[in-house]
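Open the model in your viewer and keep the selection tool at hand. Each stop says what to pick and what is there.

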Amino acid sequence: MSDKKTIGIGFIGAGGIARSQHLPRLREMDDAAVRVVCNRSEASSRQVAEEYDIPDIETDWQRLIERDDIDAVFIGTWPCTHKAMSIAALEAGKHVFCQSRMAMDLAEAKAMVQAAERHAGQVAMLCPPPHRMPWEPYVRQVIDRGELGELREVRLVSVSGANLGDLSWRERVELSGRQMLQVGIWAETLHAWVGEYASLHARLATPIATKRDAAGQTYDIQIPQSVLIHGRLTNGAAISEHHSGLSPHENMNFVSIYGSKGTLRVDAMKSIQFAPLGQPLAPVDVPAELQRPWRAERDFLDAVHATRQGESWQVSPDFHEGLRYMAKVEALHRSHDTDQAIAPTDLV
């Protein structure tokens, strides 16, 4: 068992974001001890362990969860495994940091939330969407102080060529479930900035109907490659979203918020612009005190320490926030299937 100052960590799945973000950052933190990793194969587990100085590997994720020297589990596997692994870890008394694309569908997300509620003394956190960083404090201040005035419309465009290449796991419904493109990432960001949908209407399309898998077999694509959404937020503002992975030339990822007194535009992780009414959009030099860079790992560890001290804690996004974006994903499918407007909040 870890001492009170050290948090013993195990990784189930150490893919791209684990290697680029989580493991390097945790290695620099004195209170974090990454003790074991379990990848899909013993060979890849050993490779990660050697690269990041992790002392041990497991070939069975359930054995990793049962270890007495592990206090917290980072889950970086495909969404099809998130429910089982998260619930098992919580039931074993571990804190959980789960990669985004929370679950396969809304029912699984609800089961994960119920497990988190049964173990309310343990941290259950999702990996935050990078689009919220680093300007979320500034965005919230502009909106909360009324610098935009009455919010009238939100326009979101997330367009790339993500679906034009070889078949990826994100296009395999048995691995990724009802997720699609960057809808989930942006849902969490919109919820934090402008609130939830009161109702939405969606059109989903999959123009590239088949691809070849690694074995050369034809695979039928069931995950939407084009998503059009329009609706109304709970604050009354109109909202539209265009998500596409079919663009051979354009790569856009931005949200514009139109108000009665001005406009705010955020190009995700690249730039931010603001304009009062009657003036052109101009770049904003956001002061350091209104920026919040990536610190997901630190937030998670701080919350774990707080539980040990019996102190209050909060992380974002937690499993409840994930449930809200999973409700939106479910609402999109239901709206497309029925050609009706759906209220995501009615599904939670």
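Residues are numbered from 1 along each chain as its sequence is written, and side-chain values use heavy atoms, with hydrogens and water left out. The model is predicted: local features need pLDDT of at least 70, side-chain atom pairs count only at pLDDT 80 or more, and totals for chains, interfaces and linings use all residues.

Stay zoomed out. Along the principal axes, the C-alpha atoms fill a box of roughly 60 × 50 × 35 Å. Colour by accessibility: buried residues are 52% of the 348. Buried means under 20% relative accessible area, exposed over 50%, partly exposed in between (1.4 Å probe, protein chains only).

**The open sheet**

Select the six strands in the order β3-β2-β1-β4-β5-β6; they form an open sheet with parallel pairing. The edges are β3 (56-57) and β6 (124-126), each with a single partner strand, so one side of each has no neighbour in the sheet. Two strands pair if DSSP finds at least two bridges between them.

Now pick β5, residues 95-98. Three bridges join β5 to β6, and four join β4 to β5. Click F97: M125 is its bridge partner in β6, and F97 is itself the bridge partner of F74. Which residues of β5 are buried on each side? H95 and F97 are buried on one side, V96 and C98 on the other.

α1 (residues 16-27) lies across β1 (7-12), β2 (32-38), β4 and β5, at about 165° to β1. α9 (residues 296-309) also packs on the sheet, touching β1, β2, β4, β5 and β6, and makes about 165° with β5. Axes are lines fitted to C-alpha atoms, for helices over the stretch in contact; angles run from 0 to 180 degrees between N-to-C directions.

**Around R67**

Go to R67, in the loop between α3 (61-66) and β4 (72-75). R67 is buried, at 15% relative accessible area. Its side chain makes a polar contact of 3.1 Å with that of E58. Such a contact is a pair of N or O atoms within 3.5 Å; within protein, one must be able to donate a hydrogen and the other to accept it, and residues adjacent in sequence count only if both atoms are side-chain atoms. Leaving out residues up to four places away in sequence, R67 touches R35, V36, D56, E58 and K94. Contact means heavy atoms within 4.5 Å.

**Backbone stops**

Select M133 and P134: a cis peptide bond joins them, with omega about 0°. P134 is in the loop between β6 and α6 (136-144). Another cis bond joins S316 and P317, and P317 sits in the loop between α9 and α10 (319-338).

Next, R101, between β5 and α5 (106-118). Its phi is near 60°, a positive value in a residue other than glycine. R101 is buried, at 13%. Finish at D339, after α10. Phi there is near 55°, and D339 is partly exposed at 44% relative accessibility.

Note on methods:
Helix = DSSP H or I, 4+ residues; strand = E, 2+ residues; numbered from the N terminus.
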